[in-house]
Amino acid sequence: MQPLIDNARTFGQRPEEFAKLADGQSPQVLFITCSDSRVVPALITGARPGELFELRTAGNIVPPYGSDRPTGEAATIEYAVEVLGVQDVVVCGHSHCGAVGALVRGDDLDGVPAVRDWLAHAADEPGTADPDDPTVMRAVQNHVLAQLLRLRSYPCVEKRLADGRLRVRGWYYEVHTGAVREHRVDTDGFEAL
């Protein structure tokens with residue numbers, strides 16, 4: 001913890017770099033990814049403060065939309081699309097994902113009931129995958145596609161997609177190599193950016 005505290009102490013010693021951020025934000029992208037500490041959106045994309053609006057959830061899950069039961073995730077998506085007017089939404093899964101791996105392996109999650117209930121409620125079966133593959137690549141890629149489908153069902157996203165003001169993208173990040181792949185509709189595969 002101490003190195004993090006030391007950096008936080010010196011971080012604000014460059015106020016000229018941050019002064020313009022007080023005027024507001026206008027990110028171009030909503031980046032939905034996993035809470036995993038190995039996935040750092042600004043590091044992956046090279047984004048500076050104010051350039052990415054982030055939503056991080058266990059397993060980069062986009063829960064089903066329901067206006068009768070608002071969620072923090074739905075509020076974040078709606079705010080990014082309707083208020084900030086992001087032009088792109090990226091759903092980024094990653095290799096070695098514990099959430100997807102637990103689903104693939106059928107892990108007993110009774111000891112972590114909130115995690116169990118979150119995964120059971122919000123995640124589709126990630127498809128057939130080799131439970132012995134530590135990267136869970138195929139399962140994560142299938143999972144990203146399922147989350148994109150859910151995202152498209154949000155009324156604000158559906159509306160902006162229909163009028164061409166929004167694009168949605170599925171990414172797969174390899175934590176062990178740093179490589180990023182994007183789903184291509186024409187090949188139905190994840191290919192290097």
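Of the contacts in the protein chain with a separation of 6 or more, 63% join residues 24 or more positions apart; contact means heavy atoms within 4.5 Å. This is a predicted model, in which local features need pLDDT of at least 70, side-chain atom pairs count only at pLDDT 80 or more, and totals for chains, interfaces and linings use all residues. Residues are numbered from 1 along each chain as its sequence is written, and side-chain values use heavy atoms, with hydrogens and water left out.

**Overall fold and dimensions**

- The protein chain has eight helices and six strands; helices (H or I, at least four residues) and strands (E, at least two) are DSSP runs, numbered from the N terminus.
- Their order along the sequence is α-α-β-α-β-α-β-α-α-α-α-β-β-β.
- The C-alpha trace spans about 50 × 45 × 35 Å along its principal axes.

**Surface and charge**

- Of the 193 residues in the protein chain, 40% are buried; buried means under 20% relative accessible area, exposed over 50%, and partly exposed in between (1.4 Å probe, protein chains only).
- The protein chain exposes about 10,600 Å², and carbon and sulfur atoms supply 53% of this area; accessible areas come from the Shrake-Rupley method with a 1.4 Å probe, and for residues only the protein chains shown count as cover.
- There are 19 positive and 28 negative charges, and their mean positions are 5 Å apart.
- Lys and Arg count as positive and Asp and Glu as negative, while His and the chain ends are not counted; each charge is placed at NZ of Lys, CZ of Arg, CG of Asp or CD of Glu.

**Nonpolar cores**

- In soluble globular proteins, nonpolar side chains tend to be buried together.
- The largest nonpolar core has 36 residues, of which L30, I32, I77, V86, V89, L151 and V157 touch the most other members; a nonpolar core is a set of buried Ala, Val, Leu, Ile, Met, Phe, Trp, Tyr and Cys residues joined through side-chain atoms within 4.5 Å.
- Two or more residues of this core come from each of β1 (29–34), β2, α4, β3 (88–94), α5 (98–105), α7 (137–152), α8 (155–162) and β4 (167–173).
- Another core, of 10 residues, lies apart from the largest one and includes V29, V39, C92 and Y173.
- Beyond its neighbours within four places in sequence, L30 contacts F53, E54, L55, T76, I77, A80, V86, D88, V89 and V90.

**Helix α5**

- Six of the eight residues of α5 are buried, so the helix is mostly covered.
- The buried residues in α5 are A99, V100, G101, A102, L103 and V104.

- T57 lies in strand β2 and is buried, with a relative accessible area of 4%.
- Leaving aside neighbours within four places in sequence, T57 is in contact with T33, C34, S35, E73 and W118.
- N60 is in the loop between β2 (52–57) and α4 (72–83).
- Although N60 is not a glycine, its phi is positive, about 45 degrees; N60 is buried, with a relative accessible area of 0%.
- D188 is in the loop between β5 (180–184) and β6 (189–192).
- D188 is also a residue other than glycine with a positive phi, near 50 degrees, but D188 is exposed, with a relative accessible area of 56%.
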